[in-house]
Amino acid sequence: MKNLTWVIYAPQLRLLYVMSCESLEEIIACDFGCSEIDEDVKIFLNLKEIYFRDLPNLKSICRGAMPFSSLRDFKIRKCLR
C-alpha cells in the first residue's frame with residue numbers, strides 16, 4: 001500500500017493511527033490531486049488525533065494544504081524521511 005487516499009471518504013473519522021507500513025509514501029496521494037480537493041469539501045472535519053509510527057518511507061500527508069479544524073493531537077514516531 002503506497003497511500004491511504006480512501007480516508008477522505010470517511011467524513012466521520014475521528015482517529016487516524018497508521019503504524020508499521022514500510023511501503024506507505026503519502027497519506028493522500030498527489031496523483032489523486034490535492035488540487036481536486038476543494039476547500040468547500042469537508043475532509044477531516046471531525047479528525048481529532050493523528051498518530052504515525054514506523055513509516056520509514058512516508059514523504060508527505062498531502063503536498064497541498066489540508067484543513068484539520070478539530071485536530072487536538074498529532075504525533076509522529078520513527079518516520080525517518
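**Salt bridges, aromatic pairs and surface of the chain**

At a relative accessibility of 26%, Asp 54 counts as partly exposed, because that class lies between the buried residues, under 20%, and the exposed ones, over 50%. The model in which this residue is described is a predicted one. Asp 54 takes part in a salt bridge with Arg 53, in which the closest N and O atoms are 3.4 Å apart. Arg 53 is likewise partly exposed, with a relative accessibility of 27%.

The chain as a whole contains 3 strands and 0 helices, and its elements follow the pattern β-β-β when read along the sequence. Of its 81 residues, 35% count as buried. The chain exposes about 5,400 Å², and carbon and sulfur atoms supply 50% of this area. When contacts between residues at least 6 apart in sequence are considered, 66% of them join residues at least 24 apart.

The salt bridges come to 3 in number. With a relative accessibility of 25%, Glu 25 is partly exposed, while Lys 2 is exposed at 53%.

The segment before β1 also contains Thr 5. This residue counts as buried because its relative accessibility is 10%. A polar atom of the Thr 5 side chain lies 2.8 Å from the backbone nitrogen of Ala 29. Tyr 9 is placed in the segment before β1 as well, and that strand spans residues 15–19. In contrast to the buried Thr 5, Tyr 9 is exposed, with a relative accessible area of 61%. Together with Met 1 and Trp 6, Tyr 9 makes a nonpolar surface patch of about 450 Å².

A search of the whole structure for aromatic pairs finds 3. One of these is stacked and consists of Phe 44 and Phe 68, with 5.4 Å from centre to centre and 15° between the planes. Phe 44 lies in the loop between β1 and β2, and Phe 68 in the loop between β2 and β3; the pair therefore ties together parts that are 24 residues apart in sequence. Phe 44 counts as buried at a relative accessibility of 4%, whereas Phe 68 is partly exposed at 25%. Another pair, that of Phe 52 and Phe 74, is edge-to-face, because the ring planes stand at 90° with the centres 5.8 Å apart. This pair links distant parts of the chain, since Phe 52 is in strand β2 and Phe 74 in strand β3, 22 residues apart. Phe 52 is buried, with a relative accessible area of 1%, while Phe 74 counts as partly exposed at 38%.

Note on methods. Residues are numbered from 1 along each chain as its sequence is written. This is a predicted model: local features need pLDDT of at least 70, side-chain atom pairs count only at pLDDT 80 or more; totals for chains, interfaces and linings use all residues. Side-chain values use heavy atoms; hydrogens and water are left out. Patches are made of residues with over 30% relative accessible area and no salt bridge: like charges are joined within 9 Å, nonpolar side chains (Val, Leu, Ile, Met, Phe, Trp, Tyr) within 5 Å. Accessible areas come from the Shrake-Rupley method with a 1.4 Å probe; for residues, only the protein chains shown count as cover. A salt bridge is a side-chain nitrogen of Lys or Arg within 4 Å of a carboxyl oxygen of Asp or Glu. Helices (H or I, at least four residues) and strands (E, at least two) are DSSP runs, numbered from the N terminus. Buried means under 20% relative accessible area, exposed over 50%, partly exposed in between (1.4 Å probe, protein chains only). A polar contact is a pair of N or O atoms within 3.5 Å; within protein, one must be able to donate a hydrogen and the other to accept it, and residues adjacent in sequence count only if both atoms are side-chain atoms. Contact means heavy atoms within 4.5 Å. Rings of Phe, Tyr and Trp (its six-membered ring) pair if their centres lie within 6.5 Å; planes under 30 degrees apart count as stacked, over 60 as edge-to-face and the rest as tilted.
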